[in-house]
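User: Please go through the ligand site and the sheet of this model, and say what each term rests on.

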Amino acid sequence: MLLEKKVALITGAARGIGKQIALAFAREGANIAFTDLEANEQSQQTADEIKALGVDVRFYAGNAADFDAAHQVVEQVLADFGHLDILVNNAGITRDTLLMRMTEQQWDQVIQVNLKSAFNFTHAVTPAMMRQRSGSIISLSSVVGINGNAGQANYAASKAGIIALTKSVAKELGSRGIRANAIAPGFILTDMTKALSEDTLKQFVSMIPMRRGGEPEEVAKVALFLACDLSSYVSGQVIQVNGAMA
Ligand code: NAI
């Protein structure tokens, strides 16, 4: 198994891409710590599905955008599991609207949840990973963080920030055996994209050379590659998972 006895912490993993990453890691033997905003049926269901794979799992409720709360979660994970090998910064939201209509609150919320949360958790796991001289940090960016997108200035800026954060962390911590990479998914079929209108959905799919949205499992497979030793010399990279969408 690719991740036997490893411990992975995944933020915002009660559903969607984060959940599939947790399941993919668990299938390869990793023990799973995951967070989301609140404990509810969804988080319980996810925990049950992970547990059924025969690994240890714990759920931590909290706002990933809160610096102190993120540090408390990491402390608790280290106390519960003893060590931490993989961090996946996955929690994210959209508040889409044209720039001229965008409120300060919509800007701030998206930057806080998508970008600051990645800083919070990366900051919190770094001392432990430095001590053990190993670690893999994976952050979810987006195709729009590379190309920009009308109606998503806040989201695209947060996802571009993820790329710069990732490359900087890779340079700062490479000498300590810590790798940092980003995944930039294109159009993935989750609750986040289900919120789009049918017309927007059709328009997106027509722009994708593979003529379909991606499945969360297809993002999880790339996360698995980045988490394990198959990518032992891959750091500071952005891997696009987008069906050749430009
Ligand atoms: P989703 O909306 O299905 O799941 C996101 C999860 O994050 C939810 O469970 C939500 O409760 C949680 N979350 C939101 N705010 C949080 C906070 N402050 N603290 C802790 N948890 C929080 O979204 P999806 O599609 O699974 O996206 C996962 C990541 O992938 C996000 O970072 C998203 O931006 C990124 N992504 C998604 C794409 C897509 O097409 N679905 C494309 C490109 C990137």
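**Ligand shell and sheet**

Analyst: Helix 7 provides the largest share of the shell around the ligand, three residues. Helices (H or I, at least four residues) and strands (E, at least two) are DSSP runs, numbered from the N terminus. The model is predicted: local features need pLDDT of at least 70 and side-chain atom pairs 80 or more, while totals for chains, interfaces and linings use all residues. Residues are numbered from 1 along each chain as its sequence is written, and side-chain values use heavy atoms, without hydrogens and water.

User: Which helices each supply at least two residues of the shell around the ligand?

Analyst: They are helix 1 (16-27), helix 6 (153-173) and helix 7 (191-194).

User: How many residues surround the ligand, and which are the closest?

Analyst: The ligand is surrounded by 27 residues, with Arg 15, Asp 36, Asn 90, Tyr 155 and Thr 190 the closest. By type, twelve residues of the shell are nonpolar, eleven polar and four charged (Asp, Glu, Lys and Arg are charged; Ala, Val, Leu, Ile, Met, Phe, Trp, Tyr, Cys and Pro nonpolar; the others, Gly among them, polar).

User: Why are strand 3 and strand 7 said to stand at the edges?

Analyst: Seven strands form an open sheet in the order 3-2-1-4-5-6-7, with parallel pairing. Strand 3 (57-61) and strand 7 (238-241) each have a single partner strand, so one side of each lacks a neighbour in the sheet.

User: How do you know that strand 4 pairs with strand 5?

Analyst: Pairing needs at least two DSSP bridges, and four bridges join the parallel strand 4 (residues 86-89) and strand 5 (residues 135-140). Val 88 has Ile 138 in strand 5 as its bridge partner.

Terms used:
Near = heavy atom within 4 Å.
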